[in-house]
Amino acid sequence: MSAISLSHLYLAKSLSIDMVSSLCVIPFIFTFGARAATYSLSSNIVGTEFLSAFEHQAIADPTNGRVNYVDQATALADNLTFATATTFITRADHNTVLSSSGPGRNSVRLQSNQQWSTHVAVFDIVHMPRACGTWPAVWEVGGNWPYGGEVDIVEGVNDVSPNQATLHTGPDCDAFDNSNSGCGVKVNKANSYGPPFDSNGGGWYAMERTTGHINIFFWARNDGSVPSDLKNGASTINTGNWGTPVANFPSANCDITSEFAPNNIIIDLTFCGDWAGSSSVYSASGCPSTCVEYVNNNPSAFVDSYWQFNALRVYT
Ligand SMILES: *[C@@H]1O[C@H](CO)[C@@H](O)[C@H](O)[C@H]1NC(C)=O
């Protein structure tokens with residue numbers, strides 16, 4: 001494990017977004033249209049290629065989840081990670097009743113072997129994990145958190161829609177404000193997260209990082225305006241034709257170049273912990289019992305707690 005990986009052990013507060021109401025304000029300054037950018041495909045990760053592009057991180061969850069992250073051999077042996085030539089699935093255990101004094105629910109945390117600075121990452125997602133107690137995320141992070149930056153692309157808890165895209169950095173756009181909740185933007189589409197996302201066949205998330213901005217885009221599977229270059233995995237893309245992003249973090253408010261180091265992509269599923277398991281957040285979600293008791297005792301509730309990807313494409 002690299003120094004970058006070790007730094008994730010210090011991410012304890014990185015995702016504790018339990019004060020959604022006090023998120024710092026990001027003005028929407030749509031200057032990107034004039035700076036259309038074209039990019040070339042540099043990584044086209046499909047099916048079994050996820051196994052070599054990512055490391056299964058069997059680490060203690062920095063967000064204190066009721067989870068036990070397993071290594072790749074265990075994940076494959078237990079069918080928590082499943083790959084064919086065309087699809088990639090990663091899930092939590094849905095068979096085991098947990099001892100309250102033992103480890104948490106087996107699950108998977110993937111970290112990309114590669115890091116990127118300016119780039120576009122396109123996630124073609126068929127299904128995301130759901131159930132009370134779940135806290136799934138697709139995100140990017142640099143070393144020495146929060147100084148290397150963090151972009152939460154897909155994230156939420158306890159099946160509560162919509163998705164929330166969030167930036168965490170050092171002092172410019174301060175991760176230490178708002179109880180480390182960072183700067184969040186709720187995606188203005190109900191089918192951007194959880195059960196409505198899944199029942200719709202998922203869709204596409206994309207994150208564009210330039211020196212001038214970080215933009216998050218989302219299209220549901222059946223959206224009539226999905227850009228054809230993104231949809232088809234074209235060898236070149238032009239984000240200038242993609243329309244309005246669902247979240248726009250301009251450098252004017254948070255200097256991307258100084259606040260963001262090269263970042264890894266992380267795909268994970270934890271349970272409870274600092275956000276999903278916060279008692280006020282959990283009960284406000286309409287979920288039964290307490291988060292940890294529910295996760296311990298109801299394995300069959302987690303049969304749909306899985307990620308399924310058609311592809312991850314990175315353009316530079
Ligand atoms: C492993 O998981 C995949 C995807 O969820 C499923 O299609 C397959 O039937 C599972 N295999 C076994 C042996 O359970």
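**Strands, cores and a ligand site in a predicted model**

Within strand β5, I89 is the bridge partner of F82. The structure is a predicted model, in which local features need pLDDT of at least 70 and side-chain atom pairs count only at pLDDT 80 or more, while totals for chains, interfaces and linings use all residues. Residues are numbered from 1 along each chain as its sequence is written, and side-chain values use heavy atoms, with hydrogens and water left out.

The secondary structure of the protein comes to nine helices and 18 strands; helices (H or I, at least four residues) and strands (E, at least two) are DSSP runs, numbered from the N terminus. Of the 316 residues of the protein, 57% count as buried. Here, buried means under 20% relative accessible area, exposed means over 50%, and partly exposed lies in between, with a 1.4 Å probe and protein chains only. The protein exposes about 11400 Å², and carbon and sulfur atoms supply 51% of this area. Accessible areas come from the Shrake-Rupley method with a 1.4 Å probe; for residues, only the protein chains shown count as cover. Among contacts with a separation of 6 or more, 77% are made by residues 24 or more positions apart, where contact means heavy atoms within 4.5 Å.

Strand β4 (residues 81-83) runs antiparallel to β5 and is joined to it by three bridges; two strands pair if DSSP finds at least two bridges between them. Four residues lie between β4 and β5, which form a hairpin. Strand β18 (residues 306-315) is also antiparallel to β5, with four bridges joining the two. In β18, Q308 is the bridge partner of I89.

The ligand brings some of these residues together again. Surrounding the ligand are N79, F82, I89 and R91, with a residue taken as near if one of its heavy atoms lies within 4 Å. An N or O atom in the side chain of N79 is 2.4 Å from an oxygen atom of the ligand, and for the side chain of R91 such a distance to a ligand oxygen is 3.2 Å. On its own the ligand has 360 Å² of accessible area, of which the protein covers 40%.

Next come the nonpolar cores. In soluble globular proteins, nonpolar side chains tend to be buried together. A nonpolar core is a set of buried Ala, Val, Leu, Ile, Met, Phe, Trp, Tyr and Cys residues joined through side-chain atoms within 4.5 Å. The largest one has 59 residues, and those with the most contacts inside it are F123, Y205, I216, W307, F309 and L312. Apart from it lies another core, of 13 residues, among them A37, A206, V226 and L230. Leaving aside residues up to four places away in sequence, F309 touches several residues, including F50, F88, F123, V138 and I267.

Strand β10 (residues 150-155) is largely enclosed by the rest of the structure, because six of its six residues are buried. Strand β9 (residues 134-141) pairs with β10 in the antiparallel sense over five bridges, and E140 stands opposite V151. Strand β11 (residues 164-168) is antiparallel to β10 as well, through three bridges, and L167 in β11 is the bridge partner of V151.

Most residues other than glycine have a negative phi, and most peptide bonds are trans. In the loop between β9 and β10 sits P146, joined to W145 by a cis peptide bond with omega of about 5 degrees. That loop also holds N144, whose phi is positive, near 55 degrees; N144 counts as exposed at 51% relative accessibility. P162 is in the loop between β10 and β11, and the peptide bond from S161 to P162 is cis, with omega near 5 degrees. Phi of A131 is also positive, near 140 degrees. A131 lies in the loop between β8 (119-127) and β9 and is buried, with a relative accessible area of 8%.

Finally, N68 is found in strand β3 (residues 67-69) and is partly exposed, at 29% relative accessible area. The side chains of N68 and N106 make a polar contact of 2.8 Å. A polar contact is a pair of N or O atoms within 3.5 Å; within protein, one must be able to donate a hydrogen and the other to accept it, and residues adjacent in sequence count only if both atoms are side-chain atoms.
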